[in-house]
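The sequence and the structure are shown first, and the description follows.

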Amino acid sequence: MRLINRILVTLIVIVLALVGVSYLLPSKAEVSRRITIDAPAAAIFPYVNSMQETEKWSPWLSRDPETKLSYSGPDSGVGNTLNWSSENPQVGTGSQEIVESVENQQVDTALDFGPMGTADASFVLQPEGSGTQVTWGFVSELGMNPMSRWMGLMMDNWVGGDYERGLENLKALVEGQG
């Protein structure tokens with residue numbers, strides 16, 4: 001009986017330590033990747049300023065060709081919204097709306113993953129030599145949930161590769177047109 005009590009107390013101490021340490025972890029998850037595309041910002045901007053155009057280079061749609069997509073609002077710019085639904089847990093269900101758009105410079109979006117939370121994403125286009133550096137970023141507030149904070153540590157590993165593939169797809173698409 002004494003052994004069982006020790007094991008139980010040890011497990012409780014470990015759980016409490018993990019919860020306590022979680023509050024020392026960052027309160028937000030951030031992921032960012034960049035690429036230089038050999039084209040002016042004006043050639044890239046339409047592909048990041050329209051949810052419909054992101055279909056052409058999205059790193060996620062190839063995971064589930066059966067993903068259901070619907071759009072609302074204008075065809076591009078502020079208010080342009082994508083809703084998606086997939087049985088594939090790597091795609092999931094959610095929505096993304098353009099909330100700010102500065103022509104040939106920046107597009108900010110609001111993401112809603114339903115029960116998995118919300119996030120903000122952005123595309124920043126900056127001249128670099130004869131091309132344009134495109135930075136795709138993502139920020140999610142993790143709140144006070146200890147599990148979310150631990151998961152936030154893994155967000156870069158989970159999403160970073162997708163951002164790299166998406167930017168490579170965007171680069172190939174834009175440079176292939178010029």
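Predicted model: local features only at pLDDT ≥ 70, side-chain atom pairs only at ≥ 80, totals over all residues.

Arg-33 forms a salt bridge with Asp-156, and their closest N and O atoms are 3.0 Å apart. Because Arg-33 lies in strand E1 (residues 28–37) and Asp-156 in helix H5, the pair ties together parts that are 123 residues apart in sequence. Asp-156, with a relative accessible area of 30%, is partly exposed.

## Other salt bridges

Side chains of opposite charge can pair when their charged atoms come close. The count of salt bridges in the model comes to six. One of these salt bridges joins Glu-53 to Lys-56, with the closest N and O atoms 2.8 Å apart. Glu-53 is partly exposed, its relative accessible area being 22%.

A further salt bridge is formed by the side chains of Glu-175 and Lys-171, at 3.0 Å from N to O. Both residues belong to helix H5 and stand four residues apart, about one turn of the helix. Glu-175 counts as partly exposed at 31% relative accessibility, and Lys-171 counts as partly exposed at 22%. Elsewhere, salt bridges that share partners join Arg-33, Asp-156 and Glu-164 into one network.

## The largest pocket

The largest pocket holds about 1,100 Å³ of space. It is lined by 39 residues, of which Trp-60, Gln-90, Val-91, Phe-113 and Val-159 are the closest to its centre. What is the make-up of this lining in nonpolar, polar and charged residues? The lining of the largest pocket divides into 25 nonpolar, 10 polar and four charged residues.

Several helices and strands each supply at least two residues of the lining. The helices are H3 (51–54), H4 (146–152) and H5 (155–177); the strands are E3 (81–85), E4 (93–102), E6 (118–128) and E7 (131–141). Helix H5 gives the largest share of the lining, namely five residues.

## Helix H5 and Trp-158

Helix H5, which contributes to the pocket lining, also contains Trp-158. Is Trp-158 buried, partly exposed or exposed? Trp-158 counts as partly exposed because its relative accessibility is 44%, a value between the cut-offs of 20% and 50%. The C-alpha atom of Trp-158 is separated by 24 Å from that of Leu-173, and the two residues are 15 residues apart along the chain.

## A nonpolar surface patch

Leu-3, Ile-7, Leu-11, Ile-14 and Leu-18 make a nonpolar surface patch of about 480 Å². One of these residues, Ile-14, lies in helix H1 (residues 2–22). Ile-14 counts as partly exposed, with a relative accessibility of 44%.

## The backbone at Asn-104

Most residues other than glycine have a negative phi. Asn-104 has a positive phi of about 60°, although Asn-104 is not a glycine. Where does Asn-104 lie? Asn-104 is found in the loop between E4 and strand E5 (106–112). At 26% relative accessibility, Asn-104 counts as partly exposed.

Terms used:
Residues numbered from 1 in each chain as written. Heavy atoms only, no water. 1 Å grid on protein atoms, 1.4 Å probe; cavity = no way out; pocket = protein on both sides within 12 Å on 5 of 7 lines; lining within 4 Å. Points joined across faces, edges and corners; volume = space filled by probe spheres on them. Nonpolar A, V, L, I, M, F, W, Y, C, P; charged D, E, K, R; others polar. Patch = residues over 30% accessible without salt bridge, like charges linked within 9 Å, V, L, I, M, F, W, Y side chains within 5 Å. Areas by Shrake-Rupley, 256 points an atom, 1.4 Å probe, with all protein chains shown as cover. Salt bridge = Lys/Arg side-chain N within 4 Å of Asp/Glu carboxyl O. Buried < 20%, exposed > 50% of the residue type's maximum accessible area, 1.4 Å probe, protein only.
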